[in-house]
Amino acid sequence: MERLVSHYRLLYPLGAGGMGQVYAGVDETLKRRVALKAIHPDQRLSPVSKARFLREARVLSQLDHPHICRVYDFIEENDGEWLVLELI
C-alpha cells in the first residue's frame, strides 16, 4: 500500500468513518510517524465536505492539550485533501 502524499509515506489503514479513512504514515522529512486522514473519494467533490474537513483542521490546529492529537499539516492534491495528525 506504500504511497506518497507530499512527503508523507502511507503505511497501512488505521480505520474509517462516515467521512473518510485514516492511515498510519511516516513524515519522510522529519522522520516521525503520523496519521493521515483523507475524505472518501465519493465525498471529496462536495464543497460542504471539503469545508467541513478544512474547518476541522483549523479548529484542531488551534488546540494544544495532552488528550488531543496535534495537527501537523493540511495538504491539497489533485486527487484529494489530507489532514496530517499526530499518531497516538
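**View 1. The outward face of helix 1.** Pro47, Val48, Arg55 and Arg58 are exposed, and they sit on the face of helix 1 turned away from its buried side. The model shown is predicted.

**View 2. The buried face of helix 1.** Four residues of helix 1 are buried: Ser49, Phe53, Ala57 and Leu60. Seen down the helix axis, the buried residues fall within an arc of 75 degrees, so they line one face of helix 1.

View 3. Glu56 lies in helix 1. Its relative accessibility is 24%; residues under 20% count as buried and those over 50% as exposed. Glu56 is therefore partly exposed. Neighbours within four places in sequence aside, Glu56 is in contact with Lys37 and Leu83. Cys69 is 13 residues from Glu56 in sequence. In space, the C-alpha atoms of Glu56 and Cys69 are 12 Å apart.

**View 4. The whole chain, for orientation.** The protein chain has one helix and six strands. From the N terminus on, the order is β-β-β-β-α-β-β. The C-alpha atoms fill a box of roughly 35 × 30 × 20 Å along the principal axes. Of the 88 residues, 34% count as buried. Among contacts with a separation of 6 or more, 36% join residues 24 or more positions apart. The protein chain exposes about 5500 Å². Carbon and sulfur atoms supply 54% of that area.

**View 5. Confidence along the chain.** The mean pLDDT of the protein chain is 87, and 94% of the residues score at least 70. Which element has the highest mean pLDDT, and which the lowest? Strand 2 (residues 8-16) has the highest, at 95. Helix 1 has the lowest among the elements, at 83. Where pLDDT is low, predicted coordinates should not be read in detail.

Definitions and conventions: Residues are numbered from 1 along each chain as its sequence is written. This is a predicted model: local features need pLDDT of at least 70, side-chain atom pairs count only at pLDDT 80 or more; totals for chains, interfaces and linings use all residues. Side-chain values use heavy atoms; hydrogens and water are left out. Buried means under 20% relative accessible area, exposed over 50%, partly exposed in between (1.4 Å probe, protein chains only). Helices (H or I, at least four residues) and strands (E, at least two) are DSSP runs, numbered from the N terminus. The arc is that of the directions from the helix axis to the C-beta atoms. Contact means heavy atoms within 4.5 Å. Accessible areas come from the Shrake-Rupley method with a 1.4 Å probe; for residues, only the protein chains shown count as cover. pLDDT is the predictor's confidence in each residue, from 0 to 100.
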